[in-house]
Amino acid sequence: MAGILVFSDRTNLALEILTAAGVIGGTAKVLVINNDEQAQALSDAGADVYKLSNDDISLADVGQVAEVLKEAAEKLNADIILLSSNRRGKELAGRLAQKIGAGCLTDVSAINVNGDKIECQRNALGGATVATQYINGDKKVIAVSPRSFAPFAGSGGSINEIDITIPASTVKVLEVKPKAADTVDIAAAEKLVIVGQGLNSKDDIPMIEELAAKIGAEVACSKPVATDKKWFSEEHVVGLSGKICKPELAIILGVSGQVQFTVGIRDAKVIAAVNTDENATINTMADYVLTADLHEVVKEMNEILG
Amino acid sequence: MEERFDAIIVGGGLAGLGAAYTLASEGLEVLLLERGDYSGAKNVTGGRIYVNPVRDMYPDLWKKAPFERFIAHEEVTVMAKERSITVRYSGEELKKEPYQSYSILRAKFDRWFAKQAERKGAMIVTKSKVDDLIRENGRIAGVITGGEELKADVVIACDGVLSLTAEKAGLRSPGNPKDYAVGVKEVIELDPAVIEDRFALADGEGAARLFMGEVTKGMFGGGFLYTNKESISLGLVVSIKELMENKQGIEIPVMFEEFKNRPEIAALIKGGQTAEYSAHVIPEGGYKALTRLYGDGILVAGDAAGFAMNIGVTVRGMEYALASGYYAAKAVIKAKEKGDFSAKTLSIYEDMLKSSFVMRDFINFKEAPHVLENPRFFNYYPELVGNIMRDLYAVPAGPKEKLYPTVKRYLGFKQLWAMAGDMRKVMKI
Amino acid sequence: MNVVVAMKQIPDLQQIRIKNRQPVFDDVPLTFGSIDKNALEAGVNLKENGLADKVIVLSAGNEDLEDTIKEALAAGADEAFLILGDDLNGAESSVIAQVLTAGIKQIEDVGLILFGEGSGDNYSGQVGSRVAEILGWPQVGYAGAVKVEGNKAVVTRVLEDAEEVVEVSLPAVITVVSGINEARIPSVTQILKAGKKPKEIVEEDELDEINKDALITTVSNLAPESDRKRVVVKSTAELVDKLKSENMI
Ligand SMILES: Cc1cc2nc3c(=O)[nH]c(=O)nc-3n(C[C@H](O)[C@H](O)[C@H](O)COP(=O)(O)OP(=O)(O)OC[C@H]3O[C@@H](n4cnc5c(N)ncnc54)[C@H](O)[C@@H]3O)c2cc1C
Ligand SMILES: Cc1cc2nc3c(=O)[nH]c(=O)nc-3n(C[C@H](O)[C@H](O)[C@H](O)COP(=O)(O)OP(=O)(O)OC[C@H]3O[C@@H](n4cnc5c(N)ncnc54)[C@H](O)[C@@H]3O)c2cc1C
Ligand SMILES: Nc1ncnc2c1ncn2[C@@H]1O[C@H](COP(=O)(O)O)[C@@H](O)[C@H]1O
């Protein structure tokens, strides 16, 4: 069986990837770079950790990290490298694959081993389709979407040292501005009230929140509402580059329903869509369609629900 | 440097593309602005085009045109609540080349037509909506799109049934509901073999079916079905005025669902997948509701001018759009020769239309809307339909014969007496 | 210094239809990925601020590209460098990366190559990273702001939980997120002028050896099944009733 190397600078994601590695089978080793706390947590969860301590390495330098992973994979006899498909991981995947001459799949949401093929599922065509693909050849780089696998929980972990020397990074980090911590987890919410660009202004958000509170839902949004208008943090975005949500109920207000959005909500059990445009695409994938101004509807709902 | 075009065309439907193609063929600098993502993107039509009347205007166009199927079978179904009568007509004359009519999907055809116009040298810019007109010394001198001014000797308004351009130019006043119908249509995908089987079609052949009576709850209008290569166009057209006045308060989507659920229809579309749904307004006020066709520096063609009609059994607009676009271009070419784009010179457009099938059809069918409003016409005399079918469907290269002589040819004295009341009205068609 | 912007020609996703769960591409018009348009806008902004000389769009695809490229030239690119090949539309990332790199080597004085964070259709986010690796250049992904200062770029990258401001020396590869700017909509005059801007066209087989071994095999690519009720409700009250009847609220 091929050796697997797992890496993510985020402990929670590394744990998810370990579960994915388990699906593939074989022995998985986890690389931890300059992070003792992570090494401990992962080994506590039952992983075989290889700890690399080297101050010349900067996680912001993708080229350098790719070089480190290449060396580590060679040393640890791993042909398959599993990464997380968050931003850092995705960026790293392509560079590493090119470096070791591997095929690469990113945003992988499910893995199924079929004989000697590791079949991976990922969204294609902006989310309109789901492709099943596998990598040819021995060397493979697979980046796994966050929250696609449960965190790994096993026993008998270990912490080992690994030594890789490398020239200092040329990418200089000038400043890190952490985003205000956002506790919302729309991917786990049972009910969502989702607003799109049909929402007139930031001032209308309180009544959306009021509705959400009344029915016990979280508030989420389409991408432009977060990235262009900045009315919500990106944690609230539903869709291809946001979160894939599977709530019981989604009330979708003023969203046109382009594929990159709908891919994030198509697994909801019940969808109600409110849009002023009766021909909006979102209506074709809703259980209940109301052609109306969302502001009126939300006001009325808040009244009805008291 | 200020660029000035010979002509700017607003709207890239059949009228606009026809005008652009014709002007560019003669070497004029023509710019066509289309608000859609591409020509044909949102253009709704039932789906049958008659080529004969416009064949000679675009001699190079037809050989490779991406039509769907040539219509070899005509059927009319008169629907009562629980029964229906269908008459099928499949004359050999329908199967001879050149074929007189084809089913057509505009998304495909218009895009292709746009490419042909571009090859002739027309400049076509899509995703550009014209918002206003430029006036200079009391004449139209160009358009404004996205805040940008673009100038031309003449503007041709081909922006469809609710033409903003003709309205801004003061050539038309906001519409009256009685002059419009609303049409809904679905394109339903089916395997070609299934289509051929269901409609008993030989290779390349297509069927056209019309439905009247209960489908529109007795309101003026009807249903249509055309077979395309790999899909069926199914739709319903209803007069807006009658829809507004109907006591049951029934709405068109509901009517359309009921239509689709009729056993006669359900069997035809079974297993199909709806690929497209659209709704659109159709001018059908006839001759009396035409806009003014020209002004200083401006011409109006196609639906924008009101050149579509619903004679009860079928909607026609595409040939009129192609022909009026063609004549508008010819008028511009004449005006350019003279170096004068005043209303007086451009009035030649109306003269050309008057001596063509376009205006002659419109004058012949002046009264059509009002007569055919009478549902008895379909209920009393269904047998009449079969007899007059061939002549009714034949669309000659020239103007279409009046309906009256067609009808008279097939009627004995006995029926005629009973029909006298209705016939007085029919005679006006 | 010139800025190269890599843009991918893709089918207009809004117009792809699904038939028997398969995507149907017939008659679907081609366009550029929307994030690639943000990358172009970022390049044009640098030029407009006097920080770059020329903005050159680099794209690999089939012959339709000659037409599609007008969109980019109208939106402010100065020139286009096109690599045409029948099988380049939808070719895999490893092939595209080699092809684009071969193109870059033919362009003079490249200081910066801008990519979209992910292409509009595949969204795999590999091509930029692979090109950076082949060239051996530094890369910065997910840029929400790019400043050029002499032979350095200062980039604010937008990560899930933080913004990271980094400095790299040029030449470098940068991939951008859609939030970096709002791509301009070209005016009609710009569209008309686009046809006259210079285009360099290279056929794929004129390039040095490209290793075309397939690294990925696609088993299937299907639309998920969906069956929604699509009940049209007339009023808020009716909507509330329906949701209540499903025990949802
Ligand atoms: C690679 C890629 C990834 C992407 N990832 C995502 C993603 O993860 N998530 C995402 O959301 N998008 C994503 N997008 C963007 C996506 O393509 C769309 O641009 C976006 O989803 C549109 O957001 P919207 O529906 O809110 O806005 P719009 O498309 O502008 O729609 C607004 C809607 O509101 C309606 N409306 C207006 N006023 C009212 C009113 N008063 N009442 C009711 N309705 C009203 C309008 O009719 C319209 O339908 C991605 C794009 C790309 C290229
Ligand atoms: C349901 C239905 C069934 C029909 N069935 C048939 C049939 O079977 N046979 C037949 O011959 N006819 C039929 N017709 C009528 C026929 O479709 C029309 O008469 C014909 O399409 C008119 O062509 P046009 O070019 O004048 O207008 P359109 O095809 O409507 O084109 C107008 C164009 O202008 C563009 N536009 C509008 N405003 C602007 C602006 N401000 N700036 C830029 N661009 C603008 C629009 O996007 C559009 O592309 C039917 C119509 C309907 C709705
Ligand atoms: N065929 C191509 N031609 C030019 N640029 C491309 C091509 N394919 C991908 N790119 C660029 O690479 C980025 C990432 O693409 P992808 O790896 O497919 O997500 C895109 O946003 C483009 O900037």
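1. Chain C and chain A bury about 6700 Å² between them, and carbon and sulfur atoms carry 53% of that area; buried area is the accessible area (1.4 Å probe) that two parts lose on being put together, summed over both. On the chain C side, C:Tyr123, C:Arg228 and C:Met248 lose the most area to chain A, together 11% of what that side buries. The contacts (heavy atoms within 4.5 Å) involve 71 residues of chain C and 81 residues of chain A.

2. The model is predicted: local features need pLDDT of at least 70 and side-chain atom pairs count only at pLDDT 80 or more, whereas totals for chains, interfaces and linings use all residues. Residues are numbered from 1 along each chain as its sequence is written, chains are lettered from A and ligands numbered from 1 in the order in which they are written, and side-chain values use heavy atoms, with hydrogens and water left out.

3. Seven salt bridges are counted between chain C and chain A, a salt bridge being a side-chain nitrogen of Lys or Arg within 4 Å of a carboxyl oxygen of Asp or Glu. One of them pairs A:Arg88 with C:Glu164, with 2.8 Å between the closest N and O atoms.

4. Between chain C and chain B, about 1400 Å² is buried, 47% of it on carbon and sulfur atoms. Here 16 residues of chain C touch 19 residues of chain B. The salt bridges number two, including that of C:Lys19 with B:Glu230, whose closest N and O atoms are 3.6 Å apart.

5. Chain A has eight helices and 16 strands; these are DSSP runs numbered from the N terminus, helices being H or I of at least four residues and strands E of at least two. Of its 306 residues, 57% count as buried, that is, under 20% relative accessible area (1.4 Å probe, protein chains only). The C-alpha trace of chain A spans about 65 × 45 × 35 Å along its principal axes.

6. Two cis peptide bonds deserve mention. One joins B:Glu97 and B:Pro98, with omega about -10°, and B:Pro98 is in the loop between strand 5 (84–89) and strand 6 (101–103) of chain B. The other runs from C:Leu170 to C:Pro171, with omega near 0°; C:Pro171 is in the loop between strand 11 (162–169) and strand 12 (172–176) of chain C.

7. Phi is near 55° at B:Lys127, in the loop between strand 7 (123–125) and strand 8 (130–136) of chain B. Phi of C:Asn247 is near 60°, and this residue follows helix 6 (236–245) of chain C.

How values were computed: Buried < 20%, exposed > 50% of the residue type's maximum accessible area, 1.4 Å probe, protein only.
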